[in-house]
Amino acid sequence: MTTRRSLLLGLGGALALAEAVCPARAAPPAVLDWRGPHQAGIATPPTPFAIFAAFDLLAQDRADLREALRLLSDEIATQTVPGPIPQGDDPLMPPPDNGLLGEGRAGQRLSVTVSLGASVFDDRFGLAARRPRELTAMERFPNDAIDPDLAHGDLMLQISADTREAVLHALRAIVRRTGRVLVPRWQIEGFLPARPAAPAEATPRNMLGFKDGTSNIDRDDAAAMDRLVWVPPGSEPAWTAGGSYQVVRLIRNLVERWDRTQLAAQEAIMGRHRLSGAPLGKTEEHDTPDMALLPDKAHIRLANPRQPESAANLILRRGYNYARGLDRAGRMDMGLIFVSYQASLDAGFRAVQARLNGEPLEEYVKPFGGGYFFALPGLGSQDHLGQTLLD
Ligand code: HEM
């Protein structure tokens, strides 16, 4: 039986509540730790819902920027730990919480990952010398039609959780708390299958109907993560160690056109069989692709040629699907929120995208937003996220 008192008992209470809410999900714990060397939301398993929310800083000087990061850290600490939600008792004041979750936060694997855009390192805060070396505003690629209202920003929050309510609850709490220093710039909501319909469907499918995420860096392989995802000490301004370059690309899928394309053509474009996810000519999803059986311009062949020299270009993909109804011409507006994390933007995303430029898939996709950001190192022994950047 879950009581308000058990909620106050911290993690024990959190797990009791998680069990009461969803017995099947009682383990593993629904609380993601962001206090280690890395923020949560990168090496942690993707959850079914996420929102990507870009902000601009109203901050005028470094003290204001520190205030923004302090408030954010404080609010993340509050939001990510399950427990009772204050209801307030002053009828003259607005209630302290937006009420979306009722009286308790149930964990729901909420994570809030904070990243900074290149614009933070302009002349406003005297941080130019501390810019992560490869961080710039996202450049234009040949197939792009970027809407400036859906691109870039001083600060990006990736908020993800098991339910849409938990994501929106956290976003609203953060916006309310940080309103003096952060102005919302653009947002997009993403989703993945809540749980696999069958074991063969463990890899989520994207809006083109293909499994997406089959070949990826193993999040649990600490050595690979250290080599390819986390910025190592020494190569960059000292504060960046343990952080990661974050790429967000909003890529619309032209699904009406795709749905009128023969299966064999779809599979040649991707280089994989649609149903099984197996590389062309193979039978199992996780079989190693045989390059001799793939068209030269197949997406997976260009994205990862599997040559010794392309091993340094591996990236951690952690994308979401999105669907936003219809556009003004009555066409379905859905696609991919492509998200990748890498220790080097040049060796990672930029190198892969350079190989993909001009690929046949471009006829069916249109990038329209996103940006480059730098995911801050985890809290560690800092008072707030980003402290070592500002001190
Ligand atoms: C809407 C656009 C895109 C779609 C629909 C798409 C779809 C897919 C699919 C179905 C796979 C095969 C399954 C897998 O191994 O995960 C794949 C693999 C991959 N994609 Fe994409 N992708 C898109 C954009 C991108 C972009 C922009 C990049 C990076 C610049 C990228 C990089 C990769 C990589 C690195 C792989 C793994 C290749 C391998 O190791 O075999 N993709 N993508």
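## Starting at R306

R306 counts as partly exposed, because 13 C-beta neighbours sit inside 10 Å. The scale behind that word runs as follows: a residue is buried if 20 or more other C-beta atoms lie within 10 Å of its own, exposed if 12 or fewer, and partly exposed in between, with C-beta atoms placed from the backbone. R306 is found in the loop between α8 and β8 (316–317). Its phi is near 55°, a positive value in a residue other than glycine.

A word on the ground rules: residues are numbered from 1 along each chain as its sequence is written. You are looking at a predicted model, in which local features need pLDDT of at least 70 and side-chain atom pairs count only at pLDDT 80 or more, while totals for chains, interfaces and linings use all residues.

## The chain as a whole

The secondary structure comes to 10 helices and 11 strands. Here helices (H or I, at least four residues) and strands (E, at least two) are DSSP runs, numbered from the N terminus. Along the principal axes, the C-alpha atoms fill a box of roughly 65 × 50 × 45 Å. The radius of gyration is 21 Å, which agrees with the value near 21 Å for a compact globule of 391 residues. That radius is taken over C-alpha atoms, and the globule rule is 2.2 Å times the number of residues to the power 0.38.

Buried residues make up 43% of the 391 residues in the chain. Two residues are in contact if their C-beta atoms, placed from the backbone, lie within 7 Å. Among contacts with a separation of 6 or more, 74% join residues 24 or more positions apart.

## The nonpolar core

The largest nonpolar core holds 85 residues, of which A53, A68, I159, V167, A170, V229 and I337 touch the most other members. Strand β1 (residues 49–57) gives the most to this core, with 8 residues. Such a core is a set of buried Ala, Val, Leu, Ile, Met, Phe, Trp, Tyr and Cys residues joined through C-beta atoms within 7 Å.

What does A68 contact, leaving aside its neighbours within four places in sequence? The partners are L57, A59, T178, V181 and L182.

## Around the ligand

There are 26 residues around the ligand, and F210, T214, S215, A303 and N304 come nearest. A residue is near a molecule if its C-beta atom, placed from the backbone, lies within 6 Å of it. The elements that give two or more residues to this shell are β7 (244–253), α8 (299–303), β10 (332–342) and α9 (346–356). The largest share, 4 residues, comes from α9.

By type, the shell divides into 13 nonpolar, 9 polar and 4 charged residues. In this count Ala, Val, Leu, Ile, Met, Phe, Trp, Tyr, Cys and Pro are nonpolar, Asp, Glu, Lys and Arg are charged, and the others, Gly among them, are polar.

## Helix α9

The buried residues of α9 are G348, F349, V352 and Q353. Seen down the helix axis, these residues fall within an arc of 95°, so they line one face of α9. The arc is that of the directions from the helix axis to the C-beta atoms. An α-helix has 3.6 residues a turn, so residues three or four places apart point the same way.

What covers the buried residues of α9 includes β7, α8 and β10. Just after α9, G358 takes a positive phi of about 85°.

## Loops and a strand to look at

Now to the loop between β4 (111–117) and β5 (155–161), where H152 has its place. H152 has a positive phi of about 60° although it is not a glycine, and H152 is buried, with 22 other C-beta atoms within 10 Å. S119 lies in the loop between β4 and β5 as well, and S119 is in contact with H152 and D154, leaving aside its neighbours within four places in sequence. With 17 C-beta neighbours inside 10 Å, S119 counts as partly exposed. S119 and L57 are 62 residues apart in sequence and 9.7 Å apart in space, C-alpha to C-alpha.
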